[in-house]
Amino acid sequence: MARVAIIGGGPAGYEAALVAAQLGADVTLIEATGPGGACVLSDCVPSKTFIAASSVLTEIHESSELGVATLEATADPAAVNGRVRRLAAQQSADIAQKLLNAGVDIVQGRGALRVDKGYNYLHELHIVPLEGEPYDADADVVLIATGATPRTLTSAPVDGERILTWRQLYDLKELPEHLIVVGSGVTGAEFASAYLAMGSHVTLISSRDRVMPHEDAEAAETVGRVFVRRGMDVRNHSRAAAARRTDDGVEVELDDGTVIQGTHALICVGSIPNSDNLGLHAYGITVDERGFIPVDKVSRTNVPGVYAAGDVTGVHALASVAAMQGRIAIWHALGEAVRPIKLAHVAANVFTDPELASVGVTQADVDSGKVDCRGVLLPFASNPRAKMVDRTEGFVKLFAWNSSGIVAGGVVVGSRASELITPIALAVEQRLTVEQVARTFTIYPSLSGSVAEAARQLMEF
C-alpha cells in the first residue's frame, strides 16, 4: 500500500487526498486551520458568500425599472458576517466528513520535509500536531499544497481594525462608511463591488488605466463603467504610496501626493506563497525568487516523488486549477493514466457585479496575430431575457479558429457570467465547432441564447 502525505488541506490537498484514498493508498492530510484550508475558511467560500448577499441588495435597489417599488433594504453586517462564518465552517465540516469516510487520516497541525536517513525511495516528514507531541513519518509520495497568504505593504501596516487584508473583513462589526480599496485586480474589484452594493462609499485605487487590467479590455471597461454609474470613486492611473491610521479612520497617500481620507482601507495587492518552513531548500526542491514552487504539467517538482499543487505553485490562483493539479499529481504518482493540465482550457470568473468570465484564447491574442481566429461580440442589450430582468450591461464574445471553425474561447460580462461561461468552456474542451453550438437548441428567452446566437454570427464569416 502506497503511503501518501499531503501538506495543506485546501482544494488541491483534499481533492488529492480523496483520489489517493480511492486508489487504495494510506493517506495522511496535514492541515493547520481545518479541512478546506484558507480557501474554505477565509478566502473563496467566505468572499463569495458575502458577495451573494451584496448581489441581492443590487437587485433590490435596481428593481424600479421592473415596476417594483424599491425597498429601503439595508445590510446587517453582523448577520451577513455570521452567515459567512457559519457556511465556511459547515463546508469545512462537510469536507472533513468526506475525508474521514474515505479513510483519510487528518492531522491538524503542520508538516515539513526532512532530509531522509538513507532511504532510497521514502520521504521523511516532521509533523507537529496542534495537540500532542511532534513525530516523524515516512511517505512514498509527498504533495505540497500549502496555498498563499495576502501580501501586505510595509508602508501600509495592517492592524486588522482599520487597515485590513481580505481575511480580516469578516471581523468588522459595522460596514465601513468609506472603504478605500488599494489594488484593482480580481480581489480588489470583487470587494469594491460588494461593499458598494452593501452601502459603503468606496474608493478604488487602480495603478493602471482601468480596473482588472489583466482581463479582457472591453469586459473590464464595461465593469468599470458600471462601478462609476453606481457611485464608486475609481482612481485610475493612481498608485498608493502609504496607508496610515488617523484618529477616526485612515488616510491613503498616493504617489502624486494626493491624500484620500476614509474610515477603512483594504489592501489587495496580491498574495505570497506559503513555501517557508517546509524544509524545501534543505531537501533540494527548487523554489523561485518569488517563493513559488515550479512544477511541470503533472505537478512534479524537481525531486522525484515530491509534487506541488495550488497557489504555492504560482500557476493559476483558482480553486478549480488547484483541485485539478492535486488530482493529476496523485494519478501520476500512483501510476494511473493521466492527461497533463491544459491551462488554456481553464475557465475563470471575477465575481463583481456584473460578473466577468473567460476561457480560451483572448482578444489580445487575436489582435496581436498570435492566433488565427475570428471573433464576434453580442451585447446583452439585444437579448430579450436581459431586457426582461433589466440586466443589459455586458456581452457575450466568442472566438473561433479560422481554419476549422472550432470554438477557441470566449468572454462573458453580465449577470451570472460564471454560469454562462460553461457552455463555451465545454465547446473549447470538446473541440466543438461554431456550427455545432449554433445548432444546439436553447431556451427562449434566456441569457444563454446569446451564446448560440454568437455562434450563428460566426458561421456567417
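Biologist: How many disulfides does the structure hold?
Modeller: This is a predicted model: local features need pLDDT of at least 70, side-chain atom pairs count only at pLDDT 80 or more, and totals for chains, interfaces and linings use all residues. Residues are numbered from 1 along each chain as its sequence is written, and side-chain values use heavy atoms, with hydrogens and water left out. A disulfide here is a pair of cysteine sulfur atoms within 2.5 Å. The number of disulfides is 0.

Biologist: Which cysteine has the sulfur closest to that of cysteine 39?
Modeller: The gap between the two sulfurs is 4.5 Å, so they are too far apart for a bond. The closest sulfur belongs to cysteine 44.

Biologist: Is cysteine 373 buried or exposed?
Modeller: Buried means under 20% relative accessible area, exposed over 50%, and partly exposed in between (1.4 Å probe, protein chains only). Cysteine 373 has 9% relative accessibility. That makes cysteine 373 buried.

Biologist: Which residue of β15 is the bridge partner of isoleucine 180?
Modeller: Strand β9 (residues 178-182) runs parallel to β15, joined by 4 bridges. In that pairing, valine 181 stands opposite leucine 266. The partner of isoleucine 180 is alanine 265.

Biologist: Which residues of β15 point the other way from His264 and Leu266?
Modeller: In a regular strand the side chains alternate between the two faces of the sheet. His264 and Leu266 point one way, and both are buried. Pointing the other way, also buried, are Ala265 and Ile267.

Biologist: Over how many bridges do β20 and β21 pair?
Modeller: They belong to an open antiparallel sheet of 5 strands, ordered β18-β19-β22-β21-β20. Its edge strands are β18 (348-350) and β20 (373-379). Leucine 378 stands opposite valine 396 in β21. The antiparallel pairing of β20 with β21 (residues 395-401) counts 7 bridges.

Biologist: Where does helix α11 bend?
Modeller: Helix α11 (residues 417-429) reaches 18 Å from first C-alpha to last. The bend at a residue is the angle between axes fitted to the seven residues ending there and the seven starting there. In α11 it is about 25°, at proline 423.

Biologist: Which residue does a cis peptide bond join to aspartate 353?
Modeller: Most residues other than glycine have a negative phi, and most peptide bonds are trans. Here omega is about 5°. The residue joined to aspartate 353 is proline 354.

Biologist: What is the phi of arginine 431?
Modeller: Arginine 431 sits in the loop between α11 and α12. It is exposed, with a relative accessible area of 56%. Its phi is positive, near 55°.

Methods. Two strands pair if DSSP finds at least two bridges between them. Helices (H or I, at least four residues) and strands (E, at least two) are DSSP runs, numbered from the N terminus. The expected span of a helix is 1.5 Å times one less than its number of residues.
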